[in-house]
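Trainee: I have not looked at this structure before. Could we go through it in questions and answers?

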Amino acid sequence: MCKMLLSINPEYVESIIQGDKLFEYRKFRCRDDVDKIVIYATAPTKAVIGEADIAEILEDDVLSIWNQTKDHSGVSYPFFRKYYKGKKKAFAYRLNNLVVYDEPRSLEDIGVSHAPQSFRYLPTATTL
């Protein structure tokens, strides 16, 4: 199986850690072999803070995804609508088994030279 490094704003990373945000929204569906998300908190944090299993990937029209996930979205409805503006389809990755590292790691620690704009697949052999 494969891991996917996701860039996530620190405020949403905090919501994930607190358990308020159980879904990570994206405009794309990852490859079928991805089973884990590695969480990179963007500036000002700039650190890999943990990882979570992908319990399921929801794929549907934008309003249906909101209705299925809103109770654990960790975002406001206006933010959600703005993110998907002009899109017909939405994807929600349900996070499970979150592991927050005792010490945040740098991208270099995991063999990555720069932060991904949105995401990056990591080699199977990547150790965290």
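This is a predicted model: local features need pLDDT of at least 70, side-chain atom pairs count only at pLDDT 80 or more; totals for chains, interfaces and linings use all residues.

Mentor: Residues are numbered from 1 along each chain as its sequence is written, and side-chain values use heavy atoms, with hydrogens and water left out.

Trainee: Which residues of helix 1 are buried, and what arc do they cover around the axis?

Mentor: Helices (H or I, at least four residues) and strands (E, at least two) are DSSP runs, numbered from the N terminus. Buried means under 20% relative accessible area, exposed over 50%, partly exposed in between (1.4 Å probe, protein chains only). In helix 1, residues 10-18, the buried ones are Tyr12, Val13, Ser15 and Ile16. They lie on the same side of helix 1 because the arc, taken from the directions from the helix axis to the C-beta atoms, is only 160°.

Trainee: Which residues are exposed on the other side of helix 1?

Mentor: The buried side has a cover that includes strand 1 (2-8), strand 3 (34-41) and helix 3 (77-83), where contact means heavy atoms within 4.5 Å. On the other side of helix 1, the exposed residues are Glu11 and Gln18.

Trainee: How many bridges join strand 4 to strand 5?

Mentor: Two strands pair if DSSP finds at least two bridges between them. Strand 2 and strand 5 pair in the antiparallel sense over four bridges, with Arg26 and Phe91 as bridge partners. Strand 4 and strand 5 also run antiparallel, and Glu51 stands opposite Val99 there. The number of bridges joining strand 4 to strand 5 is 11.

Trainee: Is Leu107 buried or exposed?

Mentor: Leu107 sits in the loop between strand 5 and strand 6 (119-122). Leaving aside residues up to four places away in sequence, Leu107 touches Leu5, Tyr40, Val48, Val112, His114 and Ala115. Its relative accessibility is 8%, so Leu107 counts as buried.

Trainee: Where is Lys85, and how far apart in space are Lys85 and Tyr12, C-alpha to C-alpha?

Mentor: Lys85 is in the loop between helix 3 and strand 5. With a relative accessible area of 70%, Lys85 is exposed. Lys85 and Tyr12 are 73 residues apart in sequence, and their C-alpha to C-alpha distance in space is 20 Å.
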